[in-house]
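Please open the structure in your viewer and keep the selection panel at hand. The stops below are given in the order in which to select them.

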There are 2 protein chains.
Amino acid sequence: MGAPAGAPQMNSTTAAFSDLANAIRALSMDAVQSANSGHPGMPMGMADVATVLYSEFLKFDPSAPDWADRDRFVLSAGHGSMLAYALLHLTGYAEPTIEDIRNFRQLGSPCAGHPENFLLDGVECTTGPLGQGLAMAVGMAIAERHLNAKFGDDLVDHRTWVVAGDGCLMEGINHEAIGLAGHLKLSRLNVLWDDNTITIDGTTALSTSEDIAARYEATGWHVTRCDGHDPEDIRRALAEARDSDRPSLVACRTIIGKGAPNKQGTSGVHGSPLGPDEIALAREQLGWEYPPFEIPQHIAAGWRMMGERGKETRLAWEKRLNADSDARAAFENGTSSGSDLAGPAVEHLIAELAREPQKVATRKASEMALGVLTEAIPNMIGGSADLTGSNNTKTKATDPLTADNYGGRYIYYGIREFGMAAAMNGMALHGGIIPYGGTFLIFSDYCRNAVRLSALQQAQVTYVFTHDSIGLGEDGPTHQPVEQVMSLRLIPNLNVYRPCDAIETAECWALAIASPKTPAALCLTRQNLPQMRGEGDADWSASSNRSAKGAYRLKAAENTRKVILLATGSEVHLASEVAAKLEAEGIGADVISMPCWELFEEQDDAYKADLLPNVSPDEILRVSIEAGVTLGWERYTMANGLNIGLDRFGASGPAEDLFEKFGFTVDAIVPQIMNKIK
Amino acid sequence: MGAPAGAPQMNSTTAAFSDLANAIRALSMDAVQSANSGHPGMPMGMADVATVLYSEFLKFDPSAPDWADRDRFVLSAGHGSMLAYALLHLTGYAEPTIEDIRNFRQLGSPCAGHPENFLLDGVECTTGPLGQGLAMAVGMAIAERHLNAKFGDDLVDHRTWVVAGDGCLMEGINHEAIGLAGHLKLSRLNVLWDDNTITIDGTTALSTSEDIAARYEATGWHVTRCDGHDPEDIRRALAEARDSDRPSLVACRTIIGKGAPNKQGTSGVHGSPLGPDEIALAREQLGWEYPPFEIPQHIAAGWRMMGERGKETRLAWEKRLNADSDARAAFENGTSSGSDLAGPAVEHLIAELAREPQKVATRKASEMALGVLTEAIPNMIGGSADLTGSNNTKTKATDPLTADNYGGRYIYYGIREFGMAAAMNGMALHGGIIPYGGTFLIFSDYCRNAVRLSALQQAQVTYVFTHDSIGLGEDGPTHQPVEQVMSLRLIPNLNVYRPCDAIETAECWALAIASPKTPAALCLTRQNLPQMRGEGDADWSASSNRSAKGAYRLKAAENTRKVILLATGSEVHLASEVAAKLEAEGIGADVISMPCWELFEEQDDAYKADLLPNVSPDEILRVSIEAGVTLGWERYTMANGLNIGLDRFGASGPAEDLFEKFGFTVDAIVPQIMNKIK
């Protein structure tokens, strides 16, 4: 847009601060209006804070969005996605284009309703489910300190900046996340709280009376405040946060929807378009005389200048990286995914198990696998939500990661399952780290939405879920997973592994680490299991990983096949015993071990039909055995198959008594099969 | 056990405080030892605090465990269940007997690993999943204040006492629970924190540096401390807590496993038996010379005396209750379950809908049903986790429940899904209240374990989960449920309803409120749906509730039946359109609406076979249509049926575009069916 005749030629240096910030406001209100859906309030309220952050504090280079030493910016209040899209566009990222922004919230536009890390560079993580952005940022800040400890200030020296709303602070996960950050003294984590006193239902006073600053201080945070519309005050507060030796909360007092004269400061502007009339008035009030989606040249140039601020720093960093080829190799190696190392790492262990079978719990087998994996893959960082000795997640190679030793590789996450899961997502997305962490399978419920976000974000996180059935025994129904294994299988892009013995456990671990775009949940027993595998495994290699097909025939029928037994985990040995009894009666029975349904689903039809020929149950009866809900198993057993499972809550008692009580015995199962095949 | 010859005759008045407390310690260490599993540390550490609480503060009467005005005692640190069992036994509850305690953690004993409300009177709620006991106590304290506002001090005047551990305080839900309690100024809620600085992994310093007192104070709590082994100091602190006008946290500094000379004060005593040697030494140190499971008469008598303390108060309360038969009727009526009122309450609404069909979202239909239900059933208390206008949970009859108006019936829970769900469990278990609360279906993930506890505890809670599929549109994959409906169906004893129109919604609401032992999850649309029902519903009554069978034939095939279409919620009208198209091609197709799988499963074989005859797909093809994962549908469609669903994450865009993109259209579905039945 040209300057009016007679006016001085505009250039970047003449773009006023308010013009820069108003560009965000204009794009936000116009995009939401055009989509007729979205959240204008937050971006309009936080435009000034974001402008100060991007113009003077954030280390970034839009021309190299993957630069390892960039600052991470996390929009935890993800519903305000237009703030992120405006910033990315204005500072010069290749995407989103103005066309993408015009198509905000439309199919095909990378400008989705909430920011998606897999759609846009510069979006460090997927946010929207409240509280998790901030909690992922904690993981990013841990990753930074850990890699700094490994590679020094020259190569790793960045910050994590978060914009969070009242919702992010009110959610329970906030307590877990800030407790962990305070404990680990993550001074490079700075949270800019959009303190606008408004939530969807109305003012925050409807539902909370908390002194948030005092709470953050109680957990070891530095807290400061600023007027979120006064650039100088914002600058002062951000500098204070940057320079503090603790994680910092900056309470930015803002007016939600600032600029919309009638609606600003109300919940009405939170999640609805302003409407054409109010937008016209806002343009007037803001002095923004430009048409929708047009940014005048002088303002665009001002933003581009900000976007170019970091280039020199990035080039200097690359120079340092390239100065020493050994150091460069070490850095690159030390921040790679490790996928190719996993298979070879377990070779020796499996060969040994083949020679000398072990009757151990799969949680113990997991510890054995982790022992060799963490030895071979220095990027793996483990931890547990206060169940280290039960989850068997700690290995010799992993010293504690603490405020005094960021170089450690084991995190005592405390009793914070959700916080742990989100932190692991943050570490994985930061890059350079392959996180795994443990809790009881039942408490996957506590972190379920973060598991879902691992899957949605394609983040390589491995969940070590032990105590995976009534086999945990006496702790009773509150602790006995019944529906959890199946319910994790429902999450797209999550591989759920339930190995049956020590060898399968090592195989599943190798597969988990070998899939950088798919997170994994390992469901492991508390109780010992006999080793089912070993034959043919003495020369095991990644290419002979039988679990890689998700399901395989562990034992073929000897008599004419009348039955196919399908089982997972602790029920595979039971299936084998059932098969033996059937064979003794002259009835041929295959035993199929199914450690990972998702991988089985990926196999070709021929492989599937070989295991599960599509014939009527009268010809071959399919029987599933799993100590959990049966719903879902009909996919493989068909409607007239037989499903042995547990469709009620468990009970408190020794494991053997429970398996007996609930019918997981040869004597209980064989008659049901005989009855069906008669 | 008789007194030794020559010794003075022991009687209750001579039982020293330490003897009383040591009875708890002895029973706890012996029961855990005998079970060879369990948690002796907490009961031994908190024995002194519990003794003071039961002897001087708690209002209870073991001979009337259901007394409506009793204090509620919640053992939030449920792993220390022996504390509860010892207290119940010693104070004279009919159960557990000493035999039950001998069989601690064995099948058939009511002394389960964690306390189960459905096994023992005096166990107010099921605990073990950390943090939720305290959060349920918040609900109980809300219930008390609300009923007090309705019925006055004469009839409702009790407290809620909680024993919580470090885990309960570290979990995220703690933040939500105490934030709500502080905001509502629940002064009758007192939390006794077992401040022993030990978690499973070791000292609390491994994972937290928080100033817990400061945090509680920041959320409006009164905080005091005491030496948890000094009766006088405990007494002082409990009195302070009782008398405060805010909810109180009492930090009881204790030694975990106190009495076990070598193991006390370490994490080794948290969750393992002490072993016979250490138990022998503990007996010595405690001066407890009695054999396992024997409580000498004078100590038993001392405890019985405590148990009788409340009888008089209870009798006086009953006298007040019975003094006025109208007041008594009002009280009893006002605290009943309301199950019989629900059906009649929606009659008129349904008849009206039958006359004048409405195209509304089922969330809106839910609001209509709630309008008449909350009018007819004064015990219903609603709320939402900051999505009131989206969940449509507020009705004319429900004023806000606030610190200034406990008589209100609508709770602004704030952005606290997990805290809301747990509070609702607490309210339902307290009795006298029928709670319901809303959030987006996707955030059922955030409160999933509390939903599970509703089911396990048989608590009448209704979850209003709106925005139940990609039909919510532009908010994108973080907000679009894909696996949630199915995953809720996996939870035992939870009725999951997904109604297809305004009439079915009212029917499902009536069913939800009519099942006092089974919680319900209503999955409701954001988008408008055409009304499918109406024919034959003009004289609707509870007995003609078609949803009560879980599934029913909405439309019978006109041509020879070759296809059965099964659908729920927003896909029922699509199924009808598919059927119409098939009929036009001469292919007969039934349409089955399946609003509640769990209720369908309860029907007899004849009913099921009528809807779903067991014939081969070549004869009749079964097709499911649901905008969510397909896994699970094979139960009804059989392996060679056809499942139309969404086995991936959604996308951001307008709802119609998404349904089109993901194949939920007549044009996309009909060819697949034709192809199959060829």
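The tour runs from a whole chain to the interface and then to single residues.

Keep in mind that this is a predicted model.

**Chain A as a whole**

Select chain A and colour by secondary structure: there are 26 helices and 20 strands. The radius of gyration of chain A is 28 Å, close to the 26 Å that the globule rule gives for 678 residues, so chain A is as compact as a globular protein of that length. Along the principal axes, its C-alpha atoms fill a box of roughly 100 × 55 × 45 Å. Of the 678 residues in chain A, 67% are buried. Taking contacts in chain A between residues at least 6 apart in sequence, 78% join residues at least 24 apart.

**The interface of chain B and chain A**

Now show both chains. Here 99 residues of chain B are in contact with 98 residues of chain A. About 8200 Å² is buried between them, with carbon and sulfur atoms giving 58% of that area. Across this interface there are 55 residue pairs in polar contact, both residues at pLDDT 80 or more. On chain B, select helix α18 (residues 448-456), which gives the most to the side that touches chain A, with six residues. That side of chain B divides into 39 nonpolar, 35 polar and 25 charged residues.

Between chain B and chain A the count is eight salt bridges. To see one of them, select A:R635 and B:E634, whose side chains meet at 2.6 Å, N to O.

**A loop residue**

Go to A:S444, in the loop between β11 (434-440) and α18 (448-456) of chain A. Is A:S444 buried or exposed? Its relative accessibility is 3%, under the 20% limit, so A:S444 counts as buried. Beyond its neighbours within four places in sequence, A:S444 is in contact with A:F465, A:Q484 and A:L488.

**Salt bridges within the chains**

Over all chains, the whole structure holds 70 salt bridges. Select A:R246 and A:D245, which form one at 3.8 Å, N to O. A:R246 is partly exposed, with a relative accessible area of 35%, while A:D245, at 60%, counts as exposed.

In chain B, select B:R246 and B:D245: their closest N and O atoms are also 3.8 Å apart, in a salt bridge. B:R246 is partly exposed at 34% relative accessibility, and B:D245 is exposed at 58%. Back in chain A, select A:E144, A:R145, A:D157 and A:R188, which salt bridges with shared partners join into one network.

End at B:R145 and B:E144, whose side chains meet in a salt bridge of 2.7 Å, N to O; both residues are buried.

Conventions
Residues are numbered from 1 along each chain as its sequence is written. Chains are lettered from A and ligands numbered from 1 in the order in which they are written. Side-chain values use heavy atoms; hydrogens and water are left out. Helices (H or I, at least four residues) and strands (E, at least two) are DSSP runs, numbered from the N terminus. Buried means under 20% relative accessible area, exposed over 50%, partly exposed in between (1.4 Å probe, protein chains only). Contact means heavy atoms within 4.5 Å. Buried area is the accessible area (1.4 Å probe) that two parts lose on being put together, summed over both. A salt bridge is a side-chain nitrogen of Lys or Arg within 4 Å of a carboxyl oxygen of Asp or Glu. A polar contact is a pair of N or O atoms within 3.5 Å; within protein, one must be able to donate a hydrogen and the other to accept it, and residues adjacent in sequence count only if both atoms are side-chain atoms. Ala, Val, Leu, Ile, Met, Phe, Trp, Tyr, Cys and Pro count as nonpolar, Asp, Glu, Lys and Arg as charged, and the others, Gly among them, as polar. The radius of gyration is taken over C-alpha atoms; the globule rule is 2.2 Å times the number of residues to the power 0.38.
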